[in-house]
Amino acid sequence: MLDFIYYPVSWILWFWHRIFGFALGKDNGLAWALAVVFLVFTLRLVLYKPFVKQVRTTRQMQELQPQIKELQRKYKNDRQKMALEMQKLQKEHGFNPLMGCLPVLAQVPVFIGLYHVLRSFNRVGSGGLGGFGHSGGMTALQNANTPNYVFNADDVQSFLRARIFGAPISAAITTPKAQLEAFADYGGIPHVASIAAVSIPLMIIAGLATHFNARASVARQSAEAAANPQAALMNKLALWVFPLGVIVGGPFLPIAILIYWVSNNIWTYGQQHLVFGLMAKEEDKKKQEAQERRTQNAPKPGAKPVDPRKKTPAVTDAPATDGDATATPPSKNGTGSTPKSSGKAGASSGKSGGQGNRKRSGNRGRPNQKRRR
């Protein structure tokens with residue numbers, strides 16, 4: 001049913017086991033442990049960009065908290081209107097709530113796939129280890145010859161022989177004694193004490209890593225986001241309940257799964273500090289550029305501030321010299337010519353003067369005509 005998850009996980013695990021098995025030996029427990037670790041690193045590297053988007057979405061959500069609270073207060077009696085306004089606010093700011101939980105959701109099928117593949121290696125003995133084997137009177141050797149997805153029968157036997165400090169990598173603290181006896185053909189029957197000696201430190205490390213990852217996330221939350229009752233409840237669960245769950249559930253998990261949990265938390269811790277450090281540098285750079293722009297636009301010491309909205313006056317020609325007392329003052333266009341108003345006045349005066357002269361000359365001629373008569 002979930003083969004689309006099981007086969008990719010198997011291929012990645014097979015690839016890394018081939019590499020480390022070539023260097024350390026294919027039955028070496030460290031080779032299988034490193035294959036599990038680098039399986040985690042490979043998958044988390046694929047999910048790196050979604051993780052960055054998740055962090056940016058979380059920060060954007062914190063920045064929008066004041067506006068979200070205002071909408072909740074304003075439309076507290078109209079749920080439909082509140083939902084519409086929330087969608088409008090998210091669209092305006094390019095906010096996608098799904099990106100906040102996508103990386104976490106993507107890790108769930110990966111964990112399920114790895115858990116199933118590793119437990120499927122334990123198909124030895126009557127009924128198989130962990131209930132994944134076949135019932136009936138089949139011998140351990142016959143079950144060990146059963147391939148496991150992309151792993152052939154020889155790979156399955158190699159995984160069953162792999163041990164770390166004497167503990168099979170596929171065994172858990174709570175593995176029944178009858179099932180542990182199935183390891184007799186693969187390095188001898190292991191003791192529960194040897195399994196616990198490897199599992200308990202891994203459980204503690206996984207629990208502490210889960211706690212410190214949650215603490216790093218909570219420390220970066222804004223005061224308004226942390227004050228939210230739902231966020232406060234989730235913070236308490238992440239800080240205390242989830243780490244405790246890892247420790248309590250650890251005895252039921254094979255050593256290989258505990259290695260997965262430890263390496264996944266260590267990757268998360270380092271990735272958080274890397275991403276948050278890069279984002280802090282980006283914010284500092286933006287602040288520095290804004291400060292430089294303000295410094296460049298600021299007036300120099302002693303200079304009168306100039307309003308950029310006002311236009312600067314046009315530059316005029318030099319004024320007349322002292323020797324030319326009758327020089328015409330510069331006009332608006334800077335050419336020094338007579339203004340239009342004065343020219344019109346001179347023309348009108350000349351016109352009236354000419355008409356007066358013609359009138360007087362006409363009057364002089366009329367008496368002479370009378371005398372002649």
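## Ground rules

A residue is called buried when its relative accessible area is under 20%, exposed when it is over 50%, and partly exposed in between (1.4 Å probe, protein chains only). This is a predicted model, where local features need pLDDT of at least 70, side-chain atom pairs count only at pLDDT 80 or more, and totals for chains, interfaces and linings use all residues. Residues are numbered from 1 along each chain as its sequence is written, and side-chain values use heavy atoms, with hydrogens and water left out.

## The chain overall

The chain holds 14 helices and two strands. Helices (H or I, at least four residues) and strands (E, at least two) are DSSP runs, numbered from the N terminus. Of the 373 residues, 35% count as buried. The accessible surface comes to about 23700 Å². Carbon and sulfur atoms hold 61% of that surface. Areas come from the Shrake-Rupley method with a 1.4 Å probe; for residues, only the protein chains shown count as cover.

Contact here means heavy atoms within 4.5 Å. Take the contacts between residues at least 6 apart in sequence: 69% of them join residues at least 24 apart.

## Confidence

pLDDT is the predictor's confidence in each residue, from 0 to 100. The chain averages 75, and 69% of the residues score at least 70. Over residues 124–142 the pLDDT is below 50. Even so, that stretch has 40 contacts in the model beyond near neighbours in sequence. Residues 367–373 also stay under 50. For residues 367–373, the model has zero contacts beyond four places in sequence.

## Salt bridges

The structure holds five salt bridges. The term covers a side-chain nitrogen of Lys or Arg within 4 Å of a carboxyl oxygen of Asp or Glu. One of them joins aspartate 155 to arginine 18, at 3.4 Å from N to O. This pair links distant parts of the chain. Aspartate 155 sits in helix α8 (residues 153–161) and arginine 18 in helix α1 (residues 3–24), 137 residues apart. Aspartate 155 counts as buried because its relative accessibility is 3%. Arginine 18, at 32%, counts as partly exposed.

Another bridge joins lysine 26 and aspartate 154, with the closest N and O atoms 2.5 Å apart. Lysine 26 lies in the loop between α1 and α2 (29–46) and aspartate 154 in helix α8, so the pair ties together parts that are 128 residues apart in sequence. Both ends are partly exposed: lysine 26 at 38%, aspartate 154 at 33%. A further bridge pairs glutamate 85 with lysine 81, at 3.3 Å from N to O. Both residues lie in helix α5 (residues 79–92). They are four residues apart, about one turn of the helix. Glutamate 85 is buried at 17%, while lysine 81 is partly exposed at 32%.

## Aromatic pairs

The structure holds 17 aromatic pairs. Rings of Phe, Tyr and Trp (its six-membered ring) pair if their centres lie within 6.5 Å; planes under 30 degrees apart count as stacked, over 60 as edge-to-face and the rest as tilted. Tryptophan 32 and phenylalanine 121 form an edge-to-face pair, 5.7 Å centre to centre, with 75 degrees between the planes. Tryptophan 32 is buried, with a relative accessible area of 0%. Phenylalanine 121 is also at 0% and counts as buried.

Phenylalanine 159 is buried, as is phenylalanine 121. Elsewhere, Phe15, Trp16, Phe20, Phe38, Phe41 and Trp267 form one aromatic cluster.

## Isoleucine 205

Isoleucine 205 is in helix α10 (residues 192–219). With 42% relative accessibility, isoleucine 205 counts as partly exposed. Isoleucine 205 and proline 243 are 38 residues apart in sequence. In space, their C-alpha atoms are 9.8 Å apart.
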